[in-house]
Every structure is written in structure tokens, then in C-alpha cells.
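Subject: Structure for you to look at

Hello,

Here is the structure I promised to pass on. Please open it first, then read the notes below.

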Amino acid sequence: MSQTIKADKTLDLKGLPCPMPVVKVSKGIKEVQVGQVLMAETSDPGALADFPAWAKTSGNEILDTVQEGNTVKFYIQRKA
Amino acid sequence: MDEKTRQDLLKLFEGKLNQAMRLYLETCSRCGVCTEACHVYASMPQAKYIAAYRAEIVRRIYKKYFKSQGRFWPSLGQSKDLTEMALEELYEAAYSCTGCRRCMVYCPFGIDTQMIMSIAKLLLVGAHAEPEILTMLADTSIAKGESLEIFREGFLAGIKRLEAEVVAKWQSQAGDTVIPVDKQGADLLYVALAGAHSIIPAAAVFNAARENWTLSFFEAVNFGAFVGDPTRTKLILERIVGEAKRLGVKEVCICECGTAFRVMKQLSGPQPFQVSSITQVHARYIREGRIKLDPSKNPEPLTYHDPCQIARNAGVIDEPRYILQHLASDYRELAPEPIYNWCCGGGGGLVALGEETLDFRMKSSRVKAEQVRKTGAKTLCTACENCHTQLSDLNQHYQLGLEVKFLSSMVAEALVP
């Protein structure tokens, strides 16, 4: 599915200390328009748990997650 | 500020007024001993950074609304109205204090400025004037506790991918579960942070010690405590308590995160498990001969920063030094008495606020950088993620030329097979 998703902004969050992945994705989503997509790439297992929870509380939507080697790309659509 | 909001905030204030808090608010004699005790004042000598000055903002609101003198003769007492402007002052006081409690150990009355600042933070939360990032992080943590199913599979897959790194470097026994998760009947529940660096070395040491352990689904850090919201703090804490009870563990081991350890240790109440920091657990493994370390791995001069929330505020002082006896050949103390060690300057949520606080964090921690430089150490290790981030920033800003490391990672690196 992600091959058809075009990211309007990308964030490299690999290896960042706690809690920067969530902080940066939270700030990053505000830098795209409602309806646009942020792609955040992370290597931290905790982020795999944090991002879905953050999306739930912030009202945004994870459209897809794609694993590439040891990293995971989250495609997140700004909803509000 | 409308009257209803003020009354709501005063109810929150009143809820914090236990006997100890009233003592702290009524005892200060303005002796000034706390002045030089604060790393912020010592680095940037301005009156607003004196611990007693910070507390005085809260104290004057207390006098205005909770003491007869302030209520009936406000012009005679040093009282302050709770207004929007007062909230701004409370913000500056609360978020320029790292809650390190160095002032408390110098204060002849033992006044706990961090406790007084918890009133300031609670009023800010009540007025929706707190740093929204911290509340967002706390709410994310709470959502994880409510909805394990939304991340369970992704998290387990991520952990599985880390196992290869543990095996490649530390050669775990074939057939063992290298990073067990959700293991019923485990003796020890390890609560890590989001980063792989918080999990991989810890797994290597647990496996080397033949520990019957399991990894928590949840992160250790408690952003509810950083933002000073007791309700959120409790909800975040209860996720881990619930998991520990469900699995029937005997011990909850908190990773290198100072606030996480202090909150779990001091606020979780009586539980059927003991709470330990990973530093305590590693010291125990060495003492019991379950792991052996090679000190020749660290021949360079090395120093250790005591995280305030683990050492001064939770008493874990001897254990890191015991580990370092087995880990380094040239260990140098930062402070003659660890309890008087300078704070790194990153606590109280300041590091979590990221670049927004970077300039303040660097300027307010000049004394810390000087303390580290004086040791002549080439390696600075610590046992807290917050401290590690802040010390790394200081290392770069003040060009200290050090390598900043996690103590637990150094233990893993020095394991003798």
C-alpha cells in the first residue's frame, strides 16, 4: 500500500533518545496540512508502541507501516 | 482569570496541603543557604533562580488564600493574588527548577522546594498552562496502557528483530529466548525505555546472569510526574504495576531512568514485588558472582554522574561505585560527597522539552560542566537517560572532549564470557 502513498514530509528518527521520536512526530505532523502525510522512520522498538498510541490520542491516522531492514516507516495522515 | 477558574485552582492547591507541605510553606527563615546550592543560580546568579525565591511565589499565594492574615489583612502580609501574571511567574519558577533537591540537603530546615514546585506545576496543569508536550507524552503513555492490542504485535516484532544483535555480540545460548516478553512466572520484570540501547545491553547482562526475566510492554518513564499531574502519574504507574501482578514477578527492575525509578519506588505503595534500579540489580549480580567484569576494558580515567532522582532522592549511591570498582581502573569522584553532587541540569521535564530548553539548559549547567572538566576524566558515565542526553549536550557545548556512556552498557561491554 505504501508504494502508492506519497509523503509530504519525512522525518528520520532513528536512534533518538527518549522521548524525542514522539516529540518530533508530534511537532512534525503540525508542519503538514490536514489530509497530508508525514513519513516517520524509526529503529526503536518502543516507538513501534508509542506511535499507534500517540495517533490514537492526537486523532491522526497511521495509514501504513513498512519494515525495511531494522527500521520501520510510519505513514501518518494529519486528520485535525 | 475568572473567579471560577481561580476557585478551581485553589481547590487543587488545597489538595496538596498536607502536614509536610504546610511545614515547608511556613518555615523558611530567609537564611539564604539555598542560594548557592542551586546549579541554576550558581551558573546564572539572578534572584529569580534562588530556591527560596521560587518557593516564595507559591508561599505568597498560600498566605493570601489559606492564612488568616492574607485573607483579612492582605496589605500587611506578603501575599499574592492568584492571577494570570502569577501563573506566568509559577511557570518560570517551576520550569527553571529540575527538582534535584540539592537545595533541600543544604537547607537547615530541610525544606523541599521540589515539593513546593509540585504545587506550581499542578496549578499550571489546572489552568491548562503547562508545557503541552509533556501532557501529550503522558497521554500517549496512558493510551498504551488502555490499548495494548493496538501495538502488541508491532512491538513484539520489533523486539524479535533486536534479538539477533544480542546474539551476535554476546552469544546467548542457543534455544534460549533472548528477549522474553509477557513471560508468566518470570522472577524479574524489566521496564525499559523506547530505545534499543535501553534493551539490548540489559538483555545481555540478564542472560549472562541466568536471570528468569521478562521485558515490559511499557516504557518506564513517567511524564505525568514531569508535568506534575498526580492523576496522570498514577495511571502511567498502574500500567506497570498491573503487568507485574499479572505476570507474578518478584521484582520490577527499572532501566536507567531516574524519574521512572523514583516514582515506581516511592509512589507505587505496598506491592507483592520489590522495586530495583538496574544499577542495584547489576551490583547484586557481581556480588553474587553471577557475572564477572573485565576492568581492563576501561583503562582511561572515568567519572560517574549520580542522577539526582536515583542517588540523592532515592538512595542508590553505593551500588554504582561497587560496579565501578569492577569496571574501571582509574575511577574519579565528581564530588567529595555524592549527595552534594551538582544536578546535570536536565531534570524536571527540561530534556523532554528538547530544543526549546537547550539554551537555558546549557547556561544553567555551567557549574556542572566545570565539575566534570576538573576530574580530567575521559569517560563520563551515568545511569539515567535524561542525564545522558543533557551531559552529551554539555559535552558538546562546553567542548569537554569526553565520551558519555550509560553505566549499564559499560557493564554489558565488560562482561567476561
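Predicted model: local features only at pLDDT ≥ 70, side-chain atom pairs only at ≥ 80, totals over all residues.

Two strands count as paired if DSSP finds at least two bridges between them.

Four strands of chain B form an open sheet. Their order is β2-β1-β3-β4, and the pairing is parallel. The edges are held by β2 and β4 (274-277) of chain B. Each has a single partner strand, so one side of each has no neighbour in the sheet. From one strand to the next, the twist averages 25°.

Look next at β1(B), residues 188-191. It pairs with β2(B), residues 213-215, in the parallel sense over three bridges. B:Leu189 stands opposite B:Thr214. B:Tyr190 stands opposite B:Leu215.

Helix α14 of chain B (residues 258-267) lies across β3 (251-254) and β4 of chain B. It runs at about 155° to β3(B).

**The core**

The largest nonpolar core has 156 residues. Which members touch the most others? They are B:Tyr190, B:Val191, B:Val252, B:Ile254 and B:Cys255.

**Where the chains meet**

The contact between the chains takes 23 residues from chain A and 28 residues from chain B. On the side of chain A that touches chain B, the elements giving two or more residues are α1 (20-29) and α2 of chain A. α2(A) gives the most, with 11 residues. By type, this side of chain A divides into 14 nonpolar, six polar and three charged residues.

How does α2(A) meet α9(B)? Helix α2 (residues 45-58) of chain A packs against helix α9 (residues 132-146) of chain B at an angle of about 105°. Their axes are 8 Å apart. The angle falls between 65 and 115 degrees, so the two helices are roughly perpendicular. From α2(A), the contact uses A:Ala49, A:Asp50, A:Ala53, A:Trp54, A:Lys56 and A:Thr57. From α9(B) come B:Asp139, B:Thr140, B:Ala143 and B:Lys144. Together these residues divide into four nonpolar, two polar and four charged.

**Two loop residues**

B:Gln46 is found in the loop between α3 (39-43) and α4 (51-66) of chain B. B:Gln46 is exposed, with 10 other C-beta atoms within 10 Å. B:Gln46 and B:Thr35 are 11 residues apart in sequence, and their C-alpha atoms are 9.8 Å apart.

B:Lys378 lies in the loop between α18 (366-375) and β7 (379-382) of chain B. B:Lys378 is partly exposed, with 16 other C-beta atoms within 10 Å. Beyond its neighbours within four places in sequence, B:Lys378 is in contact with B:Glu300, B:Pro301, B:Leu402 and B:Glu403. B:Gly401 is 23 residues from B:Lys378 along the chain, and 7.3 Å separates their C-alpha atoms.

Best wishes

How values were computed: Residues numbered from 1 in each chain as written. Chains lettered and ligands numbered in written order. Core = buried A, V, L, I, M, F, W, Y, C linked by C-beta atoms within 7 Å. Buried ≥ 20, exposed ≤ 12 C-beta atoms within 10 Å, placed from the backbone. Axes fitted to C-alpha atoms, helices over the stretch in contact; angles between N-to-C directions. Parallel < 35°, antiparallel > 145°, perpendicular 65-115°, else oblique. Contact = placed C-beta atoms within 7 Å. Nonpolar A, V, L, I, M, F, W, Y, C, P; charged D, E, K, R; others polar.
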